[in-house]
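Hi everyone, thanks for coming.

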Amino acid sequence: MSHANDRLFDHKLAREWKLKKSRAEKDKVMDLKEAIATFVEDGDSIIETGFAYVRGPLAAYWEIGRQKKKNLVGIFTPGGLNSVWHENGGMEGAHVAYVGVEMRGLISPFRRGVENGTLKIYSEWSHGGLALALRAAEQGLNFVACKSMLGTDIIKSNPYIKVVDDPWTGEPVCLVPAIYPDLAIFHVHHADKFGNSRIWGVSVNDTAIAIAARKVVVTCERIVGSEDIRSNPHQVIIPHYCVDAVCEVPYGAWPGDMPGLYYFDRRLQERVVREFWKTPEGTKEWIEKYIYGTENHYEMIAMAAEEENMHVLDYVKRLEQLACEAAYYNLGYWGVGGERDWRYEEVAKKAI
Amino acid sequence: MSEIEYTPRELLACVAARMIQDGESVFVGTGLPLVGALLAQKLHAPNMMAIYESGTIDPKPAQLPWSVSDPWTCHKAAIILSMTSVFGHSRAGYADVGFLGGAQIDMYGNINATCIGPYDKPMVRLTGSGGANDIASLCRKVIFMGLHLPQRFPERCDYITTPGFLGGPGEREKAGLVGGGPWRVLSHLGVMGFDEETCRMKLISYHPGVTPEVIQEFTGFEMIIPDDVVETPKPTAEELRILREEVDPNKLFVF
């Protein structure tokens, strides 16, 4: 098997793979465990989707940890939560545009791994540069010429990009090649069983990523009818033909944010990145307790609620109410079919 | 008249707000830059337009967003696009001001957000560029906000993540950069700009209670200190009222 980096810019391989994907609308619904077991292979490059902790497929990431996948290569634009797996062999290296949680700081395991040399950085990017590499793949371009990253040390720490003179103007331009990650996992608001996926809020790079990646797993808050999705194609960001698996995972972005549904648990995130993950020992304990010590996402949520001395339903309700204030009632972008028609109670009954 | 009382962060928010002119489009990061931008909008720049790298343009958030991708950044936005589009619009000429932070800024306004120490074996690994490199490469002008300490204001950054004037005059053009580069530096000690001839950082004003000597002492290179440096004007009662009552009433960022 080739190294993930050898596949990353191989447009022929990417095309051959996609030529073989079925265009038929087939039922792709499966359990999250099955989807991760089937589509996440050791050594895969995995690109982050959404915008870090906003609409990030965190339930799927935790499941990757549970299944002890090995030697993944992260593509962080932005994000980096998966770097937590490197200390138990889950991630060997990364291509980086941004790893962190903004005001809440750096992600300690990533920092540690780079500083002690156990997590390799294969290439350095700007957000715009990496976004263009994905866009190039989506648009069928070998590369794009852009005006980012010029003159900086990023050029020196990225073996994939080149600076050349624009043949028309003679000015330096930065060439960014089309990138084809092995795997992308998305978390969306609604999907139909074929994989057509709809969101509210920012799509960031998701449409480009869905086309660029070889394997695509969609987790969603709710599986809805295809007619519902097709009643408003404007909100669809991922079309069915690139999707390999659809998993219904309510609260799948927890403890991150799902626009209009639930707000991120800011306190928990701060505790995780600043305290639990601060040392290798702490990280190991956290993984043992929260990942290996839980059967699924909902046990993890229940555990977090318990630590807040809250009943899990009250805990989730609090996050939903914050979202209500922040997004649900007031946002103009809550569109067709957007009635929230489920509650954590139902999910909990099913899952726990 | 009794002396108006304010905190250091309130001063920074007000000074940041004054740097934004009416009608400008501004790439805002979370925290103080965002507070400054929203304050400017409520004071003298009602037509200020915010751009977020996550893809939203010109929203009217009714509550302070916690992050550049917080759903509040979508509230009543003019449009929501992809990341490549917002940077594309910047290249096209629709972005005026970029508000950035970082671990280090050097005498030519280059910013480091990647690592402290050598890149291959860093003492501290930082976040990496995010959108900062794109913003500083493409916007008309850049404002940097950060703590003023000698190691954070070195002569040369350990790693240039985000381009300032690179090695000096003419280097941005030579590198092919289209944006205008660094314009202002706002630290907890003062406001700096850049000398037109040498492209080196120069002092414009020192905050109340600070002197040019203190600023030099907390700077890792020789700061140009012109004769006409002044004290940064204190926040006005009106600025503080809007800031406290309307922009950040819950004291999320300004306390």
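Chain A has an accessible surface of about 13,300 Å², and 52% of that belongs to carbon and sulfur atoms. Accessible areas here come from the Shrake-Rupley method with a 1.4 Å probe, and for residues only the protein chains shown count as cover. Chain B exposes about 9,900 Å², with carbon and sulfur atoms supplying 53%.

Before going further, a word on where this comes from. This is a predicted model, in which local features need pLDDT of at least 70 and side-chain atom pairs count only at pLDDT 80 or more, while totals for chains, interfaces and linings use all residues. Residues are numbered from 1 along each chain as its sequence is written, chains are lettered from A and ligands numbered from 1 in the order in which they are written, and side-chain values use heavy atoms, with hydrogens and water left out.

Let's stay with chain A. How many helices and strands does chain A have? There are 13 helices and 12 strands; helices (H or I, at least four residues) and strands (E, at least two) are DSSP runs, numbered from the N terminus. Chain A has a radius of gyration of 20 Å, close to the 20 Å that the globule rule gives for 352 residues, so it is as compact as a globular protein of that length. That radius is taken over C-alpha atoms, and the globule rule is 2.2 Å times the number of residues to the power 0.38. Along the principal axes, the C-alpha trace of chain A spans about 65 × 50 × 40 Å.

Inside chain A, 64% of the 352 residues are buried. Buried means under 20% relative accessible area, exposed means over 50%, and partly exposed is in between (1.4 Å probe, protein chains only). Of the contacts in chain A with a separation of 6 or more, 76% are between residues 24 or more positions apart, where contact means heavy atoms within 4.5 Å.

Now chain B. This chain has 7 helices and 14 strands. Its radius of gyration is 18 Å, close to the 18 Å from the globule rule for 255 residues, so chain B is as compact as a globular protein of that length. Its C-alpha atoms fill a box of roughly 50 × 40 × 35 Å along the principal axes. Buried residues are 60% of the 255 in chain B.

On to the core. Which residues touch the most other members of the largest nonpolar core? Among its 138 residues, they are Ile64(A), Ile185(A), Trp254(A), Trp286(A), Tyr315(A) and Met201(B). A nonpolar core is a set of buried Ala, Val, Leu, Ile, Met, Phe, Trp, Tyr and Cys residues joined through side-chain atoms within 4.5 Å. Take Ile64(A): leaving aside neighbours within four places in sequence, its contacts include Ile36(A), Val40(A), Trp85(A) and Ile185(A). There is also a second, separate core of 46 residues, which includes Ala14(A), Ile75(A), Ala133(A) and Ala210(A).

Next, some backbone details. Pro255(A) sits in the loop between strand E12 (245–248) and helix H9 (266–276) of chain A. The bond from Thr77(A) to Pro78(A) is cis too, with omega near -10 degrees, and Pro78(A) is in the loop between strand E2 (72–76) and strand E3 (91–96) of chain A.

In chain B, Leu166(B) has a positive phi, near 55 degrees, although it is not a glycine. Leu166(B) lies in the loop between strand E10 (141–146) and helix H5 (171–175) of chain B, and at 4% relative accessibility it counts as buried. Cys199(B), also not a glycine, has phi near 65 degrees. Its loop runs between strand E12 (190–194) and strand E13 (201–206) of chain B, and Cys199(B) counts as buried at 9% relative accessibility.

One last pair to look at. Ala145(A), in strand E5 (residues 143–146) of chain A, is partly exposed at 48%.
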